[in-house]
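Subject: Structure handover

Hello,

Here is the structure you will be working with. Please open it first, then read the notes below.

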Amino acid sequence: MPMLRKLIYLATAAIFIFSLMVGCTTEQSHLKKAEIAKKPRLEEKGSITFPTNKSEQSYKESLINSHGKTISERIKVPEGYERVEVPRGSFAEYLRNLPLKPHGTKVKYYNGEEKPNDVYVAVIDMDVGTRDLQQCADAVIRLYSEYLYKNRQYDKIHFNFTNGFRADFRKWMQGYRIKVEGNKAYWIKKTEYCDDYACFRKYLDMVFAYAGTLSLSQEMKRVPLSDLQIGDVFLKGSDPGHCVIVVDMAQNPKTGEKIFLLAQSYMPAQDIHILKNPANEDGNPWYSINFGDVLVTPEWQFTKDQVYRFGD
């Protein structure tokens with residue numbers, strides 16, 4: 001009997017311990033399922049995973065699509081707004097579809113150092129060069145001239161130096177180069193005809209060295225804020241001065257309100273980047289045209305009458 005009672009006791013204890021083990025395993029299993037259920041399901045596409053449960057992803061309230069490769073793909077419009085229509089092949093279409101570096105890429109200076117100020121949401125995929133040349137006005141010149149060069153509109157690629165000298169790319173293509181002596185500049189024949197991209201970039205570096213916000217303000221035309229378009233520039237032409245360019249726009253069809261995105265370079269020369277809007281705490285980079293008398297950007301302020309546009 002004592003041996004039988006001992007066996008019964010051991011069997012009962014074993015059953016009790018087994019039931020505890022089953023209960024713990026079941027609870028742990030439920031916990032894991034609950035955790036998984038909170039996460040978006042992922043589909044594998046090559047080496048990149050894409051969230052498919054959009055209602056559960058972090059981009060639900062964000063206007064940034066980290067997988068977008070262009071401005072229009074990367075930055076979504078706020079609810080209730082629609083991107084404005086632009087002519088096919090226009091400067092506006094070119095800017096809206098500028099390629100961007102991967103999401104999270106840092107802005108780099110011409111010397112490879114990182115920009116310390118966190119003032120941007122995206123970086124345009126375009127070289128900055130290896131010299132301290134492509135600053136604020138130069139970035140605007142770069143974008144406009146890149147568009148013209150891409151469309152072989154060489155006659156329209158011309159910019160003034162601060163002293164008023166007009167630097168025509170067509171003249172540069174013919175083998176002439178610009179000689180600068182003091183405050184004077186003139187053309188001299190130096191080489192053969194060229195129209196390749198390397199030739200174009202050398203021309204731009206020359207322009208960057210001797211043009212600026214002051215010269216831009218004198219050759220661009222002022223336009224009213226109410227007529228703001230993609231490609232227009234908020235510009236303070238002085239020393240020091242600054243400028244930012246409108247790279248995309250949207251509108252609320254019910255209220256008529258226009259909103260826009262801004263891009264800039266700065267000092268020292270650095271990657272061109274899409275600016276944040278410091279007035280929006282939710283990370284929304286769009287600016288409203290109804291900003292009042294002063295447009296506040298992360299590193300500069302402009303008045304509503306400082307809107308300029310390139311002429312035809």
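A salt bridge here means a side-chain nitrogen of Lys or Arg within 4 Å of a carboxyl oxygen of Asp or Glu. By that rule, D127, R142, E146, R201 and D205 are linked in a network of salt bridges. The whole structure holds 14 salt bridges.

Some ground rules. This is a predicted model, where local features need pLDDT of at least 70, side-chain atom pairs count only at pLDDT 80 or more, and totals for chains, interfaces and linings use all residues. Residues are numbered from 1 along each chain as its sequence is written, and side-chain values use heavy atoms, with hydrogens and water left out.

**Salt-bridge pairs**

Start with R96 and D248. Their side chains form a salt bridge, N to O, at 2.7 Å. This pair links distant parts of the chain: R96 is in helix α3 (residues 91-96) and D248 is in strand β11 (residues 242-251), 152 residues apart. Helices (H or I, at least four residues) and strands (E, at least two) are DSSP runs, numbered from the N terminus.

Are these two residues buried or exposed? R96 is buried, at 10% relative accessible area. D248 is buried too, at 0%. The cut-offs: buried is under 20% relative accessible area, exposed is over 50%, and partly exposed is in between (1.4 Å probe, protein chains only).

Next, D293 and K304. Their salt bridge has its closest N and O atoms 3.3 Å apart. It too links distant parts of the chain, 11 residues apart: D293 sits in the loop between β14 (287-288) and β15 (294-297), and K304 in the loop between β16 (300-303) and β17 (307-309). D293 is exposed at 52%. K304 is partly exposed at 42%.

Then R166 and D168. Their side chains meet in a salt bridge of 3.0 Å, N to O. R166 is partly exposed, at 40% relative accessibility, while D168 counts as buried at 19%.

**Around Q134**

Q134 lies in the loop between β4 (120-123) and α4 (136-150). Q134 counts as buried because its relative accessible area is 1%.

Beyond its neighbours within four places in sequence, Q134 is in contact (heavy atoms within 4.5 Å) with residues including D127, R142, F208, Y266 and I272.

Best wishes
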